[in-house]
Amino acid sequence: MIRHLVLFKLNDGVERDEPRVVAGVEAFRALGGTIPELTFWECAWNITDRPIAYDFAINSAVEDTDALKRYIEHPDHQAAAGQWREFATWVIADYEF
């Protein structure tokens, strides 16, 4: 199994309640039920106000590196990530567990 973690940081001046951010969150929330490679899916806003904290997180799992590649290339994933490129930066970690 591979854990796929993504942490998003909203760009300066971008707020959580902006329509484009709300749409981006909804696009990611919908992925859990639409991409068959995902064996685990959760995403949520950070609840702390620590200055080093990121704003939004995705925690997911897939069976193997082939499944991860299919997930990343899936059109719904590409569309959701494309929305976030407009207002956030992110870091990822993929590891076996």
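How many helices and strands make up the secondary structure of the protein chain? The protein chain has three helices and four strands, where helices (H or I, at least four residues) and strands (E, at least two) are DSSP runs numbered from the N terminus. This is a predicted model, in which local features need pLDDT of at least 70 and side-chain atom pairs count only at pLDDT 80 or more, while totals for chains, interfaces and linings use all residues. Residues are numbered from 1 along each chain as its sequence is written, and side-chain values use heavy atoms, with hydrogens and water left out.

**View 1. The fold of the protein chain.** Read along the sequence, the elements follow the pattern β-α-β-β-α-α-β. The radius of gyration, taken over C-alpha atoms, is 13 Å, close to the 13 Å from the globule rule for 97 residues, so the protein chain is as compact as a globular protein of that length; the rule is 2.2 Å times the number of residues to the power 0.38. Along the principal axes, the C-alpha atoms fill a box of roughly 35 × 25 × 15 Å.

**View 2. Strand β3 and its two partners.** Strand β3 (residues 56–62) is mostly covered, with six of its seven residues buried, that is, under 20% relative accessible area, whereas exposed means over 50% and partly exposed lies in between (1.4 Å probe, protein chains only). Strand β1 (residues 2–10) runs antiparallel to β3 and is joined to it by seven bridges, and two strands pair if DSSP finds at least two bridges between them. Strand β2 (residues 40–45) is also antiparallel to β3, with six bridges joining the two. Within β3, N59 is the bridge partner of L5, and I58 is the bridge partner of C43.

View 3. V6 lies in strand β1 and counts as buried because its relative accessibility is 5%. Leaving aside neighbours within four places in sequence, V6 is in contact (heavy atoms within 4.5 Å) with F56, A57, I58, W90, V91 and I92. The C-alpha atoms of V6 and F28, which are 22 residues apart along the chain, are separated by 11 Å.

**View 4. Tyrosine Y95 at the end of the chain's strand β4.** Y95 is found in strand β4 (residues 88–96) and is partly exposed, with a relative accessible area of 38%.
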